[in-house]
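Here are my notes on the model, point by point. Have the structure open while you read.

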Amino acid sequence: MTVSTPHVEAEHVPVAGPYRRMVKLFFANKLAVTGLIILALLLVFCFLGPLVHPTDQIHTQLADANLAPGTKGHPLGTDDVGRDVLGRLMIGGQTSLEIGIAAGLLATLIGTVWGAIAGYAGGWLDTVMMRVVDAGIAIPALFLLLVSATIFRPTVPVQIVIIGCVSWLVPARLVRAEALSLRSRDFVQAMKAMGGGHGRAVFRHIIPNAIGTVVVNATFQVADAILLIAYVSFLGLGVAPPATDWGAMLSKGISYTYDGYWWLIFPAGIAIVLVVSAFNCIGDGLRDSFEVRLQGR
Amino acid sequence: MNRPLPSLLRAARPLAVLGVAATLLAAGCSSGDGSAPGGGSASGGKPQQGGSMTFAMPPNATPNWIFPIGTPGHSASYNGAIRQQVFLPLYTFNGNDSSKPDIKAGAAELPEYSSDGKSVTITLRDNLTWANGQKVTSRDVEFWFNLVKYNKEKWSAYNKGQFPDNVAKFTVVDDKTFKMDLTRAYNPDWFTANQLVRMSPMPQAAWDIQQAGGQVGDYDRTEDGAKKVFDYLIGEAGKLSEYATNPLWKVANGPFTVKEFTTTGQVTLAKNPKYTGDDAAHLDSITFKPFTSAQAEFNVLRSGGVDYGYIPALALSQQKTIEGMGYSVKRWDGWAITYIPYNFNNPEMGPVFKQLYIRQAVQMSVDQDTISKVIWHDQATPGYGPVPQIPPSSYQGEGQKTNPYPFDVEKAKALIASHGWEIQNGVATCTKPGTGDDQCGEGVDQGTQLKFELLTQSGSTETDNMMQELQSSLSKIGVALTIKSEPLNSVLDHSPVCKPADSTCSWQLSFFGTSGSWYYPAYPSGEEIFATDAGTNLGSYSDPKADEIIERTTSSTDSTAMQEYSDYLAKNLPVIWMPNPAYQVSAIKNTIGGVEQDPMAGMTPQRWYLVK
């Protein structure tokens with residue numbers, strides 16, 4: 001008896017790479033795409049806008065104080081020292097975005113390295129490092145910011161460093177949790193068996209494999225940093241004039257609430273809401289993209 | 001009231017000028033012309049005994065002292081205003097009747113000067129006692145005097161050559177009378193108004209101790225003992241949270257005692273049931289509430305959260321609304337000047353500030369008219385010199401009246417350029433060092449840049465805008481101004497009188513005049529703020545001719561001395577003259593009576609009452 005073996009031809013189904021699947025998943029998320037578009041528009045508005053609508057944001061023009069929107073040359077009116085509000089929104093946005101993005105990335109960098117080392121090392125080192133994190137979290141970031149603002153002159157670089165240094169605690173916890181899981185994985189053990197060092201384990205294996213968590217958290221860190229600088233500026237301890245940021249503009253505008261000068265309040269307020277929402281939407285989209293279970297849908 | 005300090009705090013309001021009338025007459029003022037401004041009042045209705053009220057303090061003003069001897073950083077006027085409700089000063093003045101001391105609010109009868117003006121005899125009022133039942137005696141005044149004499153360098157109101165240096169001998173005549181022999185003859189009106197108002201009896205029988213729980217003695221009568229007692233009391237005075245409980249501060253003689261004194265600046269005074277004078281409080285308690293900004297205060301005012309508050313200049317459009325809520329709105333003008341001191345001892349910019357042409361250029365860059373109109377909404381008055389610009393007075397010289405340095409940026413720019421400065425990358429840089437007429441001036445090195453740093457008080461949008469306007473104007477003449485805002489107390493702490501080698505001498509310019517920088521007594525002489533080594537001469541301005549003129553204003557009855565003082569300093573620019581804001585635009589509930597708005601920024605809350 002002969003047995004014939006059926007010939008089965010392998011079915012060639014094109015399989016997308018993991019990064020392509022993530023991109024596809026991200027762009028399938030309408031909110032994330034909306035956030036990305038808003039962010040892009042705000043970046044264009046803040047950094048390219050001054051080329052289209054150049055204004056003098058250095059000198060005051062008291063004769064033009066508090067002009068209403070629509071006044072010739074001032075689509076959004078002027079503030080209480082005669083500076084063009086639309087132009088100031090662009091300049092202030094640059095400050096807010098620069099500080100927010102840089103501080104968010106700095107916080108993520110510090111937190112990632114700290115958490116990865118703590119989680120990988122374990123033992124007493126992990127305990128010590130995480131108690132430091134716990135202690136830091138117990139102190140309100142806003143308090144530290146206000147104290148720092150009274151000690152250092154609040155320039156943009158100083159604000160970036162200060163906010164970055166008070167915001168890295170949460171990402172440190174998240175990455176540490178990832179590291180605790182990753183350190184016992186086979187590929188890490190194999191690397192160690194082959195003589196790999198601790199540094200290689202942390203920076204070539206632990207952190208790259210926690211990148212999903214890191215990237216998602218980074219977007220939230222940026223949003224939080226923008227809010228933090230807005231808080232500090234709202235309290236009068238932001239960057240020194242003539243520089244400004246959206247929080248400082250909002251703070252100043254609030255003084256004129258009872259006068260009905262809405263153009264000193266709404267533009268800056270809306271800008272803050274938009275940029276923070278955009279980063280949060282992008283973060284949500286990235287989180288979904290990195291979620292393995294969703295990639296099979 | 002004995003607060004020498006300045007400004008800032010309405011600070012200085014010094015003293016009250018004693019018999020101002022006499023002073024005014026002595027200075028040759030015609031009635032009306034030379035008198036201090038009158039204040040508004042809300043004194044209607046019949047007084048009701050009891051009740052409580054809240055009073056809003058200026059933005060960022062946080063009381064931090066109650067001891068009758070002020071030390072640097074603790075001499076703000078609101079400290080003095082609160083303190084003298086608890087510990088009566090020897091003399092105080094009510095600016096609405098500045099012709100004589102407000103005897104009821106003080107501890108002594110009118111002083112009697114010898115015919116040669118070289119001694120003064122003072123009798124204490126005989127109905128005053130401390131809360132422990134002991135009489136207020138001459139020994140209590142001597143106690144204050146001894147502590148000041150042996151610790152004068154630590155006293156914020158100390159000016160070399162003045163009190164207590166100008167008292168050759170202090171003699172206790174009897175329990176109620178004491179005599180002071182002076183080092184030379186003084187104008188009696190000036191001496192009372194500018195010196196005696198600093199004095200304040202202190203309970204010697206309770207406070208003359210060197211440590212907690214120590215025995216009471218006469219330690220103050222020796223230098224070593226006085227220093228120890230002073231240090232102990234200063235230490236206790238630094239514990240703000242204990243003001244309401246520390247037995248030391250319970251020994252009061254004023255119409256109120258401390259019920260609450262928080263480290264965040266809220267103070268509640270309660271009626272002193274043991275007060276034996278004839279100026280007892282009507283209210284059971286009054287709370288002084290601190291605010292971080294004028295806007296914050298206004299928000300509370302709109303909600304009815306304060307009984308006696310104020311409306312920020314930029315919210316004056318809301319006056320009708322506030323009045324509709326049951327408040328009376330009254331402008332409170334101050335007999336004051338507002339300025340930004342230069343720190344002539346700053347190691348970097350001191351030599352630059354010493355160049356008169358630089359100060360002239362800076363002054364010509366201050367657009368006072370526009371600032372007053374647009375930023376202060378007409379609630380400020382341009383100021384051109386050391387004498388309050390309003391109301392017009394015979395103290396003002398012609399030079400000050402006519403503004404010697406009107407706003408002119410182009411002229412200012414040319415003035416700097418003519419002295420060897422070139423604008424490079426927007427900042428003037430010295431290219432011709434030397435002392436010639438067309439050179440930068442003595443001590444200014446080649447390459448020096450006109451980069452100034454300004455420390456300014458936070459909490460006021462008007463002040464923020466004014467500083468931005470100044471920054472903008474100065475940038476047009478090549479001066480790069482960096483602004484840093486801090487709460488008022490921090491600004492004062494960070495801009496002390498200093499020597500170039502001091503670590504505290506890094507400040508260059510300082511502004512603390514949101515409510516006026518310096519409140520004068522009726523006799524607006526400048527020995528406290530512009531004389532060499534004066535305690536409140538923050539920037540260490542020193543000019544021999546100015547010293548000589550100031551000396552004459554305090555010792556001579558020549559009416560031209562004050563005018564000469566006015567003219568000389570208006571032109572010599574010891575500070576940057578700035579618009580002087582109204583003390584505040586008050587909003588007072590219609591249910592409150594007895595309020596007098598003292599142009600010299602004093603308060604008599606014991607006379608406030610709820611209307612029946």
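**Notes on the model**

1. B:D378 counts as exposed because it has 11 C-beta neighbours inside 10 Å. The scale used here calls a residue buried if 20 or more other C-beta atoms lie within 10 Å of its own, exposed if 12 or fewer, and partly exposed in between, with C-beta atoms placed from the backbone. B:D378 has a positive phi of about 65 degrees although it is not a glycine. Its place is in the loop between α12 (368-375) and β14 (380-381) of chain B. Helix and strand labels are DSSP runs, numbered from the N terminus (helices are H or I with at least four residues, strands are E with at least two).

2. Some housekeeping before going on. This is a predicted model, in which local features need pLDDT of at least 70 and side-chain atom pairs count only at pLDDT 80 or more, while totals for chains, interfaces and linings use all residues. Residues are numbered from 1 along each chain as its sequence is written, and chains are lettered from A and ligands numbered from 1 in the order in which they are written.

3. B:N425 is another non-glycine with a positive phi, about 55 degrees. You'll find B:N425 in the loop between β15 (421-424) and β16 (427-430) of chain B. With 8 C-beta neighbours inside 10 Å, B:N425 counts as exposed.

4. Two cis peptide bonds are worth a look. In chain B, the bond from B:F163 to B:P164 is cis, with omega near 0 degrees, and B:P164 lies in the loop between α3 (138-150) and β6 (167-172). In chain A, the bond from A:P241 to A:P242 is cis, with omega near 10 degrees.

5. Axes are lines fitted to C-alpha atoms, for helices over the stretch in contact, and angles run from 0 to 180 degrees between N-to-C directions. The α11(A)/α12(A) crossing is right-handed. A crossing is right-handed if the near helix is turned clockwise from the far one by less than a right angle, and left-handed if anticlockwise.

6. On the residues involved, α11(A) brings A:I229, A:A230, A:Y231, A:V232, A:S233 and A:F234 to the contact, and α12(A) brings A:W246, A:G247, A:A248, A:L250 and A:S251. Contact here requires C-beta atoms, placed from the backbone, within 7 Å. These residues divide into 8 nonpolar, 3 polar and no charged. For the classes, Ala, Val, Leu, Ile, Met, Phe, Trp, Tyr, Cys and Pro count as nonpolar, Asp, Glu, Lys and Arg as charged, and the others, Gly among them, as polar.

7. α12(A) also packs on helix α13 (residues 266-290) of chain A: the axes come within 8 Å and cross at roughly 140 degrees. This crossing of α12(A) and α13(A) is left-handed. A:W246, A:M249, A:L250 and A:G253 in α12(A) meet A:A268, A:G269, A:A271 and A:I272 in α13(A). The tally is 6 nonpolar, 2 polar and no charged.

8. How many residues of α12(A) are buried? The count is 8 of its 9, so to speak mostly covered. The cover includes α4 (85-121), α11 and α13 of chain A together with α15 (461-476) of chain B.

9. Back in chain B, B:A226 sits in helix α6 (residues 223-237). B:A226 is buried, with 22 other C-beta atoms within 10 Å. Not counting residues up to four places away in sequence, B:A226 touches B:N146, B:L147, B:Y150, B:N151, B:Y219 and B:D220. B:A226 and B:W144 are 82 residues apart in sequence and 9.9 Å apart in space, C-alpha to C-alpha.

10. Finally, chain B as a whole has 18 helices and 26 strands. Buried residues make up 59% of its 612 residues.

Technical notes:
Two residues are in contact if their C-beta atoms, placed from the backbone, lie within 7 Å.
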